[in-house]
Amino acid sequence: MIENIIKAAVLNSQIYPKFRNHPELVAESLGTVALTAVSSAVYLKYKGSGINPESDFSTLQMMLVAFSTIFVGMMLWSFINNTLCGLLGGAAEFRDTIRSTGIAYGPGICLVFATIPIVGDYILLGSLLWLFATVTNGVKETHNITLLRAIIPSFIGWFVSWLLLPWLMIIGPYFTNPMLD
């Protein structure tokens with residue numbers, strides 16, 4: 001699993017046909033997303049305790065919502081990629097897109113390093129951009145389309161899964177709730 005995560009993270013295009021042709025690798029893809037989700041939850045725990053100190057239950061609840069938001073975001077990103085790439089001439093099934101998107105979530109593991117003071121925000125930004133690059137590469141290879149055709153759906157999916165959805169599910173409810181003031 002680690003070897004495949006590294007291959008996807010360094011934009012090795014040879015990894016995606018393997019994930020497209022072997023449905024049993026879905027567990028490895030989902031495991032990669034789970035590692036990213038744990039990293040994201042740890043990052044939000046660290047950031048959230050300074051912004052909104054709460055009870056232990058509230059913190060646990062926020063971390064569980066963060067964990068599940070990553071999985072929902074991955075599914076949304078996969079759906080957007082599959083649908084729009086299909087309209088642009090892509091030739092992959094939804095399950096293939098899920099597996100390739102999942103293994104491409106490897107750079108998301110770096111979110112845990114975004115807890116480092118001073119450089120954490122830069123690590124967060126770098127991780128999110130790296131994630132965009134790896135998933136775009138995965139979509140390009142899985143759907144057998146050009147990079148330009150892969151960038152458009154991938155950007156829309158990235159925006160929904162990493163900016164819009166976290167705002168709606170985590171940041172908005174937990175950090176801007178007037179009842180907490």
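The legends below describe close-up views of a predicted model.

Residues are numbered from 1 along each chain as its sequence is written, and side-chain values use heavy atoms, with hydrogens and water left out. Because the model is predicted, local features need pLDDT of at least 70 and side-chain atom pairs count only at pLDDT 80 or more, whereas totals for chains, interfaces and linings use all residues.

**View 1. The helical fold as a whole.** The protein has 7 helices and 0 strands, where helices (H or I, at least four residues) and strands (E, at least two) are DSSP runs numbered from the N terminus. Along the sequence this gives the pattern α-α-α-α-α-α-α. Of the 181 residues in the protein, 46% are buried, a term that stands for under 20% relative accessible area, with exposed meaning over 50% and partly exposed in between (1.4 Å probe, protein chains only). Among contacts with a separation of 6 or more, 74% join residues 24 or more positions apart, a contact being heavy atoms within 4.5 Å.

**View 2. The packing of helix H5 against helix H6.** Helix H5 (residues 94-103) and helix H6 (residues 120-143) pack at an angle of about 145 degrees with their axes 9 Å apart; the axes are lines fitted to C-alpha atoms, for helices over the stretch in contact, and angles run from 0 to 180 degrees between N-to-C directions. Asp96, Thr97, Ser100 and Thr101 of H5 meet Val135, Gly138, Thr142 and His143 of H6. The residues of this contact divide into 1 nonpolar, 6 polar and 1 charged, where Ala, Val, Leu, Ile, Met, Phe, Trp, Tyr, Cys and Pro count as nonpolar, Asp, Glu, Lys and Arg as charged, and the others, Gly among them, as polar. H5 is mostly covered, with 8 of its 10 residues buried, and Arg99 is one of these buried residues.

**View 3. The largest nonpolar core around valine 135.** This core has 33 residues, and those with the most contacts inside it are Trp77, Tyr105, Val135 and Trp162; a nonpolar core is a set of buried Ala, Val, Leu, Ile, Met, Phe, Trp, Tyr and Cys residues joined through side-chain atoms within 4.5 Å. Elements giving two or more residues to the core include helix H4 (56-87) and helix H7 (147-175). Not counting residues up to four places away in sequence, valine 135 touches Trp77, Asn81, Thr101, Ala104, Tyr105 and Ser154.

**View 4. Aromatic rings.** Rings of Phe, Tyr and Trp (its six-membered ring) pair if their centres lie within 6.5 Å, with planes under 30 degrees apart counted as stacked, over 60 as edge-to-face and the rest as tilted; by this rule the count comes to 7 aromatic pairs. Phenylalanine 67 and phenylalanine 71 form a tilted pair, 5.4 Å centre to centre and with 50 degrees between the planes. Because they are 4 residues apart in helix H4, these two residues are separated by about one helical turn. Phenylalanine 67 is partly exposed at 28% relative accessibility, and phenylalanine 71 is also partly exposed, at 23%. Trp77, Tyr105 and Trp162 form one aromatic cluster.

View 5. Serine 40 lies in helix H3 (residues 26-51) and is buried, with a relative accessible area of 7%. Leaving aside neighbours within four places in sequence, serine 40 is in contact with Ile70 and Leu111. Threonine 134 is found in helix H6 and is buried, with a relative accessible area of 0%. With the neighbours within four places again left aside, threonine 134 is in contact with Ala8, Ala9, Leu11, Tyr16, Ala104 and Pro107.
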